[in-house]
Amino acid sequence: MRAESFLQTRRTWVGAVAAVLPLVVCAALAPFRESVANTDVALALVLLIVAAASTGVRWAGVVAAASSAVWFDFFLTRPYHQLTIANREDVETAVLLVTVGVAVSEIAHWGRRQQARASRQEGYLSGVVRTSAAVAAGRESPDSLTSHVAHQITDVLRIDDCRFDPSGGNGGDGMATMDGDGHVTRHGRPLDVDRYGLPTDAETSLVVRSGGVVHGRFLLVAATEVVHPTLEQRQVAATLASQLGAALSRPSTQS
């Protein structure tokens, strides 16, 4: 809660600075408007827009762009101190400032999403590798290994809980089932998890098997909120379950 409050305060301050700083710059340059070309001023404002967009607050760049266009018009274009532009080139410059602001903000947002996605993928891969290493070592007990995989699946899918059911179920309990490819079905029909999320009214079953032998299943709980794990996330969870199945197939593990 404290972190959320801090982030909200930070976003508010970033937005306020993004709105006010172009006003300060344009007002400071107003006495020199006869000697400073408007194109040079526009370049300076673009730098402010880029700086605002790079803060991580998606709309800050747009706010800085809108503020830049308004105060550029008010202080630096004829007629001065009016929100009217008589010169066509100045109109184009003002429009360009807004366009640049929107474009830079969206590009920065896209870049951050790609970076976050790469970070998540690295985390998924790290989890699979750690589980593979634990399986290969064969030093962990079945209970310890099962608990480890359940924790990994909970993190990957961002669900409330994941518990192992050694009975494997009878397939007639009506709950949703996640297959080895990450697809989810219920009552024989596919569920659009990307759109509707995992079921919240019942657990989702992820069968643990190896070589056709069922060793049990993970019961995935997503009750407190709707989660939308991507197909990639679901495939990682299925891979982790498959690795556990391989480990439980060993005679030494089963004994």
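The side chain of Ser67 comes within 2.5 Å of the backbone oxygen of Ala19. This is a predicted model: local features need pLDDT of at least 70, side-chain atom pairs count only at pLDDT 80 or more, and totals for chains, interfaces and linings use all residues. Residues are numbered from 1 along each chain as its sequence is written, and side-chain values use heavy atoms, with hydrogens and water left out.

Ser67 sits in helix H3, residues 60-76. Helices (H or I, at least four residues) and strands (E, at least two) are DSSP runs, numbered from the N terminus. Ser67 has 8% relative accessibility, so it counts as buried (under 20% relative accessible area, with a 1.4 Å probe and protein chains only). Beyond residues up to four places away in sequence, Ser67 touches Ala18, Ala19, Pro22 and Leu23; contact means heavy atoms within 4.5 Å.

Next comes Val41, in helix H2 (residues 38-53). Val41 is buried too, at 2% relative accessible area. Setting aside neighbours within four places in sequence, Val41 meets Leu29, Val36, Phe72 and Leu76.

Now the sheet. Six strands make an open, mixed sheet in the order E1-E6-E5-E2-E3-E4. E1 (161-165) and E4 (189-190) are the edges; each has a single partner strand, so one side of each has no neighbour in the sheet. Two strands pair if DSSP finds at least two bridges between them. E2 (residues 176-178) and E3 (residues 184-186) run antiparallel, joined by two bridges. There, Thr177 has Thr185 in E3 as its bridge partner.

Technical notes
Buried < 20%, exposed > 50% of the residue type's maximum accessible area, 1.4 Å probe, protein only. Polar contact = N/O pair within 3.5 Å; in protein donor to acceptor, adjacent residues only side chain to side chain.
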